[in-house]
Number of protein chains: 4
Amino acid sequence: MSTGFFGDIKPVAYEGPDSDNPLAFRHYNPDEMVLGKRLEDHLRFAVCYWHNFVWPGNDPFGGQTFERPWFGETMEKAKLKADVAFEMFKILGVPFFTFHDHDVRPEGASYAESVARLDEMADYIARKMEDGGPKLLWGTANLFSNRRYMAGAATNPDPDVFAYAAATVKACMDVTKRLDGQNYVLWGGREGYETLLNTDMGRELDQLGRFLCMVVDYKHKIGFKGTILVEPKPQEPTKHQYDYDVATVYGFLKRYGLEGEVKMNIEQGHAILAGHSFEHELALAATLGILGSIDMNRNDYQSGWDTDQFPNNVPEVALAYYHVLQAGGFTTGGTNFDAKLRRQSLDPEDLIAAHVGGMDVCARGLKAAARMIEDKALSAPLEARYAGWKDAEAQAMLRGERTLEEIAARVAREGIDPQPRSGQQEKLENVVNRYV
Amino acid sequence: MSTGFFGDIKPVAYEGPDSDNPLAFRHYNPDEMVLGKRLEDHLRFAVCYWHNFVWPGNDPFGGQTFERPWFGETMEKAKLKADVAFEMFKILGVPFFTFHDHDVRPEGASYAESVARLDEMADYIARKMEDGGPKLLWGTANLFSNRRYMAGAATNPDPDVFAYAAATVKACMDVTKRLDGQNYVLWGGREGYETLLNTDMGRELDQLGRFLCMVVDYKHKIGFKGTILVEPKPQEPTKHQYDYDVATVYGFLKRYGLEGEVKMNIEQGHAILAGHSFEHELALAATLGILGSIDMNRNDYQSGWDTDQFPNNVPEVALAYYHVLQAGGFTTGGTNFDAKLRRQSLDPEDLIAAHVGGMDVCARGLKAAARMIEDKALSAPLEARYAGWKDAEAQAMLRGERTLEEIAARVAREGIDPQPRSGQQEKLENVVNRYV
Amino acid sequence: MSTGFFGDIKPVAYEGPDSDNPLAFRHYNPDEMVLGKRLEDHLRFAVCYWHNFVWPGNDPFGGQTFERPWFGETMEKAKLKADVAFEMFKILGVPFFTFHDHDVRPEGASYAESVARLDEMADYIARKMEDGGPKLLWGTANLFSNRRYMAGAATNPDPDVFAYAAATVKACMDVTKRLDGQNYVLWGGREGYETLLNTDMGRELDQLGRFLCMVVDYKHKIGFKGTILVEPKPQEPTKHQYDYDVATVYGFLKRYGLEGEVKMNIEQGHAILAGHSFEHELALAATLGILGSIDMNRNDYQSGWDTDQFPNNVPEVALAYYHVLQAGGFTTGGTNFDAKLRRQSLDPEDLIAAHVGGMDVCARGLKAAARMIEDKALSAPLEARYAGWKDAEAQAMLRGERTLEEIAARVAREGIDPQPRSGQQEKLENVVNRYV
Amino acid sequence: MSTGFFGDIKPVAYEGPDSDNPLAFRHYNPDEMVLGKRLEDHLRFAVCYWHNFVWPGNDPFGGQTFERPWFGETMEKAKLKADVAFEMFKILGVPFFTFHDHDVRPEGASYAESVARLDEMADYIARKMEDGGPKLLWGTANLFSNRRYMAGAATNPDPDVFAYAAATVKACMDVTKRLDGQNYVLWGGREGYETLLNTDMGRELDQLGRFLCMVVDYKHKIGFKGTILVEPKPQEPTKHQYDYDVATVYGFLKRYGLEGEVKMNIEQGHAILAGHSFEHELALAATLGILGSIDMNRNDYQSGWDTDQFPNNVPEVALAYYHVLQAGGFTTGGTNFDAKLRRQSLDPEDLIAAHVGGMDVCARGLKAAARMIEDKALSAPLEARYAGWKDAEAQAMLRGERTLEEIAARVAREGIDPQPRSGQQEKLENVVNRYV
């Protein structure tokens with residue numbers, strides 16, 4: 001029985017590019033074959049719980065704007081929230097969803113009560129999943145909202161907080177496994193510092209390394225087959241976040257011997273806030289062998305905080321999916337909309353329209369990327385640009401078979417005087433514009 | 001015989017805090033004992049060649065403003081430049097200097113000629129060093145100004161450029177060793193990309209890894225006792241620089257097995273442009289065991305490019321030296337002024353005054369930091385904040401002797417409910433203000 | 001009778017620079033004479049209500065951290081809050097305080113009830129003020145927190161919101177006058193737009209102009225003798241705020257004929273977020289004749305949102321007060337601490353210590369600025385730099401007595417070829433460092 | 001006779017969206033009718049001299065990369081440069097070009113010689129214009145490159161520099177009139193300050209005000225019919241530029257009574273660097289009645305300096321032209337490509353391809369904007385959003401016929417309690433995505 005929240009909004013259908021129905025897909029046809037695979041299986045869309053059903057619309061200068069019947073800290077409200085959530089998943093026809101423990105259950109008066117409530121809600125959700133609902137792309141624990149975590153979860157100066165966080169993750173991993181989650185995500189919202197004056201970075205990094213090792217060990221212990229993902233983010237909420245960007249997390253994983261066990265969940269907005277393009281973070285993770293999943297959204301380039309807007313710029317999204325496809329596409333990962341309505345978008349229909357627009361933008365982007373790949377539009381010129389490295393002497397240098405002295409002698413002897421060649425950036429940008 | 005460039009400016013003397021002589025030290029007394037060591041031996045000041053003697057005062061919208069008698073691309077001018085440089089080093093009484101190959105010799109028509117000129121100038125400089133001049137803190141090769149490097153040096157798509165760069169570094173390492181340099185620095189000015197559309201990041205990183213391995217091998221081969229330093233920098237001149245920040249370079253070193261061989265030369269301005277505080281980069285490098293040397297300057301926080309101003313904010317500089325001292329102080333490293341006059345500061349006296357001011361600011365900062373250390377002003381509260389980790393169970397968690405399950409069981413059993421404690425940031429900031 | 005909130009903390013006393021009492025002033029001696037005036041009368045410190053007594057410690061990723069006995073939406077709690085506030089004002093010995101309507105009274109069920117509650121609290125506060133409490137530096141209305149203002153107050157597409165906001169300001173101005181406020185402030189928290197797609201900027205600016213005209217009219221109507229102040233701020237909370245910075249607001253005032261009626265309340269953090277230094281905004285406002293008051297705080301230069309930290313960098317604060325003093329000092333304005341504790345600073349003592357540190361930093365800064373003025377340390381070189389403009393022909397150009405043609409003819413005739421002179425920036429920076 | 005620089009590149013033709021010819025237009029068909037006007041007459045494209053023919057490819061860390069046969073400071077080279085420039089204008093088929101005095105003639109040894117050279121080159125260029133070349137969109141004087149301007153042109157502390165600058169502008173205005181320029185532009189590259197320590201902002205603003213008044217007077221004197229345009233820019237090259245953004249310049253114009261005489265030349269990159277979107281600056285200028293012309297380019301959002309890239313993001317460009325069209329389109333203004341090749345784009349063909357791509361992006365953008373206007377896709381919902389203001393009482397408030405008291409009385413009396421309505425931002429973003 002419907003909650004009625006979405007009124008008479010019907011499941012969103014694909015109507016093609018000429019449709020002007022604001023609640024129809026114009027580009028996302030799940031069954032369309034792209035590079036030999038269904039579009040749905042490429043994009044693996046997930047809708048998140050937190051922005052859609054938990055966030056009240058507040059910002060640093062204003063309070064709640066959304067008035068939702070399920071707001072409130074009771075199990076009854078939690079179930080109503082789940083009912084509405086699964087109604088929305090169904091309207092959108094997405095194959096996945098994502099959640100934090102904190103999103104689906106009210107906090108209990110004790111750790112044990114919180115876990116019990118989580119278990120009860122997991123049962124409730126499991127029944128909805130069985131009843132034709134989407135699968136779980138990933139679960140995660142909220143280790144940042146509660147005041148106990150204000151000075152860190154794994155990196156807290158108080159070992160009891162570390163323990164509480166560890167216990168909480170254990171419970172969330174259990175639930176994620178039970179719901180057959182494809183991945184388990186850690187985002188270190190409070191793993192960082194506000195001021196070095198009261199922080200011992202060396203200690204805290206070691207705490208964080210230990211924490212992550214325990215998570216990996218537990219994954220193997222319980223036979224969880226999903227991927228452990230870390231989500232990089234710079235600066236916010238703390239002055240410095242330890243998981244700043246992909247390169248930083250990679251160094252961290254290497255330091256603690258985890259680079260074979262953990263992959264990245266990369267968010268567009270977090271990439272931007274770290275001073276990188278989204279495609280940079282994706283390409284780097286692919287290069288380092290740690291590309292896992294993406295949090296799709298959009299950050300205002302001119303706002304220095306996490307704006308989590310819905311994606312709407314096709315040319316940018318196309319370049320992101322280009323790197324995902326070049327890396328072989330998603331395996332356990334997918335496209336999670338970590339995006340929220342603007343706080344003035346009050347209506348239930350806004351929730352649907354925002355996702356419809358975002359899904360269409362992603363579909364257009366991925367299809368453009370696929371065509372570039374089919375045409376070798378970018379890869380052929382790339383191959384040509386580096387062709388000189390196929391040369392035997394070049395290969396010898398690269399394999400470590402030449403020393404500085406040998407190379408210097410050859411440069412002097414042969415009078416090597418390399419002449420630069422055009423990088424053709426504008427031409428390549430024009431090429432991309434033929435596809436988007 | 002003097003070149004006369006500095007007129008009748010006398011060697012700068014320490015006159016104490018009450019002096020109003022603009023060309024006297026008010027805080028930098030080289031022989032003052034701080035934490036059991038002479039101030040000069042703590043700070044290990046170096047003056048750089050490039051900003052002072054090479055840069056013509058241009059900016060993106062304007063040409064040369066400085067008119068220096070040594071400007072010009074002849075060996076005669078190069079020697080005049082060296083004469084003036086060593087006059088300035090003497091006036092300032094600094095114990096070290098730094099240079100790129102490109103700073104001290106005009107580019108030759110071929111690699112061989114460039115090396116021959118470098119060797120000739122090295123001889124010329126060596127005589128000046130023997131004649132009471134400062135020592136060489138570090139040498140380095142300019143692998144970014146010439147158009148041949150426009151698409152990278154080690155990371156160029158053309159292996160001939162890689163070879164040319166390798167040969168150039170070989171020559172510079174030779175000269176650095178000959179001049180008894182304390183370190184050899186690599187700054188990857190062109191090691192990055194302008195656009196991913198024409199870039200294969202995986203290839204380029206492997207090229208860069210190979211290059212650095214060859215440098216380390218050559219160091220050992222020739223018995224160079226100094227430290228190999230990499231200088232991180234984000235964004236400028238390319239859209240993305242591979243050596244973005246300390247964390248990024250650390251991951252890179254780990255990937256290519258170089259973390260025991262290479263340390264960091266950390267610049268204030270580069271830290272800022274990467275979104276970090278200077279003290280963050282220093283503390284992180286210390287934590288990771290790769291703190292080498294510093295490039296002291298100041299970046300305008302509101303200008304998104306390298307402004308390379310002289311340091312002038314004592315409270316900020318004090319925090320930087322606090323982390324240097326906490327890490328044990330400099331060994332082969334030192335304080336290199338990678339700072340330039342504003343392009344309107346035309347007079348020879350400006351060159352002297354700028355360094356005098358910068359040296360005084362550093363001296364004030366380091367002395368304040370030393371007093372904080374002596375008083376345990378910050379370290380005592382820090383120790384107290386993490387005291388809970390001395391507990392046996394906490395230690396067991398940290399040593400990896402507890403699993404998530406065991407911890408979860410304990411949290412549930414003992415009803416652990418950690419209560420947050422004040423982080424006291426403002427009080428600690430007030431403490432620092434007592435010292436600066 | 002004391003609420004007991006601050007335990008046994010005594011009124012803060014001046015103990016001089018050698019004191020290591022964390023709750024004593026080391027630099028702020030209210031009675032010290034500076035440039036012929038008491039330090040207290042120069043600085044005119046005010047403590048704000050909102051950050052200290054209203055903000056729960058939340059941030060975009062976390063909830064309440066502070067647990068205060070007065071949190072809650074009843075009149076009883078509001079009175080307890082006022083009791084504690086005035087206890088803190090007394091401990092700090094500040095001459096002024098500031099508040100929004102929303103800070104001192106719970107929102108009523110209707111406009112009329114909200115006004116009645118405000119009036120009741122105004123009576124309550126008035127008695128505390130008479131009883132030796134501080135004066136009111138300024139009052140203001142909160143036109144941004146409530147969801148009714150989500151799309152603007154004066155600039156709302158709904159004229160009923162405009163009316164509600166106007167009515168609210170009327171009530172706050174009445175109370176400000178009753179409490180003998182020295183100024184009335186308007187900060188346009190929601191006067192801006194999230195997206196131009198749904199915004200008619202021309203309409204909204206006209207609405208805002210009309211609103212401000214009505215405020216000025218009402219001031220005269222009721223005989224309020226204080227100054228009407230607008231507080232510029234860029235970007236946050238909306239994508240674009242109409243009162244971006246001093247220059248923008250000046251243009252706005254000119255457009256609506258209000259430049260003689262309204263002055264600026266300038267905040268350090270807002271200046272920074274607009275890409276300006278604090279001293280720029282102060283100097284510009286002074287130049288334009290609209291410098292009114294300041295909101296003293298500190299924004300992290302590397303965080304793109306309002307961090308509202310307590311000031312702690314004396315060299316920077318000294319330059320700010322230099323421009324205030326050069327402009328003649330405050331008349332109705334003062335130094336309001338629009339600064340908040342870090343959310344981890346949980347203890348009552350943190351509230352006191354933060355203000356003590358901030359007041360000391362301001363006192364050090366202002367005294368350094370005063371000494372620079374007495375010594376003409378900056379003004380004498382400035383005068384010399386522009387001395388050429390005293391020339392008769394230069395004056396004629398400036399007065400508009402020369403045309404382009406006449407000037408061109410003179411340049412050609414006299415072969416004018418101006419030679420640049422050193423701007424001496426580093427020397428001047430060194431001069432400042434002698435004073436701070 | 002052709003210089004041969006562009007080899008066998010033919011004039012670029014429109015071949016339609018399916019063409020894969022990299023040197024054909026796919027979207028820019030000059031004769032296509034859009035909103036009742038030829039596309040060429042809407043866009044009014046201009047190619048600039050400086051980036052294409054003067055800039056050597058240097059950046060702050062590297063020297064010249066372009067090797068052009070016309071580089072050199074002789075009149076012969078200047079004429080060769082003009083020959084090539086007009087060949088490129090012809091290949092591209094643009095209706096306009098733009099230049100600085102400094103772009104077209106080598107600097108003379110005196111003011112008189114510089115003017116004589118400018119006059120000679122103006123004759124040379126005039127003949128090319130008569131010979132089927134494009135018209136002049138605007139001329140301007142370079143008052144920033146020469147060291148004489150390092151401390152400002154109009155705002156220099158030395159009145160002789162002011163005079164020299166004034167004389168130079170006079171000569172450039174003469175030439176612009178002679179060549180029938182549609183506008184005359186002033187960009188205050190050095191009108192700002194590096195440090196307030198040596199700057200008297202009040203004096204300098206008055207100097208600048210006087211300078212601009214003289215320019216306006218001279219325009220009328222000589223009967224120049226074009227528009228005087230000021231180009232806003234923040235931060236670069238100086239710490240603070242007086243012409244920061246549209247709002248700042250508007251206030252400046254109002255202060256000196258010039259708002260009826262001067263309009264804006266708005267650049268995308270400058271808007272971005274000021275913290276605004278391009279469309280914000282355009283919409284604001286339109287609202288204030290000072291929208292003149294645009295400098296089309298693209299700034300990397302993550303690089304804090306002027307990157308001047310060719311536009312390539314159609315959705316963004318469409319929103320810019322939407323505001324141009326809403327304001328009635330260009331009159332004397334146009335679309336000037338103030339964009340430069342990346343320094344690695346060495347080939348003549350890159351120059352052509354970059355402009356072709358840029359022109360196509362603009363054409364797509366403008367056509368999408370025009371369709372949105374025809375469909376009232378954005379304007380109809382906008383009208384509906386503000387419909388409440390048509391109400392009589394609302395109009396009375398807006399016209400100034402109601403006081404705060406009257407409004408407050410009505411709010412209380414009628415129990416006005418406005419309820420927020422959805423701003424529908426995501427839906428509107430989806431609407432735009434139907435058109436781009």
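Chains A and D of this predicted model meet through the same surface, because 100% of the interface residues of chain A are also interface residues in chain D. Contact here means heavy atoms within 4.5 Å. A rotation of 180 degrees with 0.0 Å of shift along its axis places chain A on chain D, at an RMSD of 0.0 Å. This is the relation of a two-fold axis. In chain A, the C-alpha nearest the axis belongs to Tyr301(A), 3.1 Å from it. The superposition is by least squares on the C-alpha atoms of residues with pLDDT of at least 70 in both copies.

The predictor assigns the complex an ipTM of 0.97 and a pTM of 0.98. The model is predicted, so local features need pLDDT of at least 70 and side-chain atom pairs count only at pLDDT 80 or more, while totals for chains, interfaces and linings use all residues. Residues are numbered from 1 along each chain as its sequence is written, chains are lettered from A and ligands numbered from 1 in the order in which they are written, and side-chain values use heavy atoms, with hydrogens and water left out.

An unreviewed UniProt entry lists Glu231(A), Glu267(A), Asp295(A) and Asp338(A) under "binding site". These residues span 108 residues in sequence, yet no two of their C-alpha atoms are more than 11.9 Å apart, so they gather at one spot. UniProt positions follow the numbering used here, feature names are shortened, and annotations may be inferred rather than shown by experiment.

Glu231(A) sits in the loop between strands E8 (227–230) and E9 (240–241) of chain A. Strands (E, at least two residues) are DSSP runs, numbered from the N terminus. Glu231(A) is buried, at a relative accessible area of 4%. Buried means under 20% relative accessible area (1.4 Å probe, protein chains only). Beyond four places in sequence, the contacts of Glu231(A) include Glu267(A), Asp295(A) and Asp338(A). Asp295(A) belongs to strand E11 (residues 291–296) of chain A. Asp295(A) is buried, at 0%. Its contacts beyond four places in sequence include Trp138(A), Glu231(A), Glu267(A) and Asp338(A).

In chain D, strand E3 (residues 45–48) is covered on both faces. Phe45(D) and Val47(D) are buried on one side, Ala46(D) and Cys48(D) on the other. E3(D) runs parallel to strand E12 (residues 335–337) of chain D, joined by 3 bridges. Strands pair if DSSP finds at least two bridges between them. E3(D) also pairs in the parallel sense with strand E4 (residues 96–100) of chain D, over 3 bridges. Val47(D) stands opposite Phe337(D) in E12(D), and its bridge partner in E4(D) is Phe97(D).

Note on methods. Helices (H or I, at least four residues) and strands (E, at least two) are DSSP runs, numbered from the N terminus. Buried means under 20% relative accessible area, exposed over 50%, partly exposed in between (1.4 Å probe, protein chains only).
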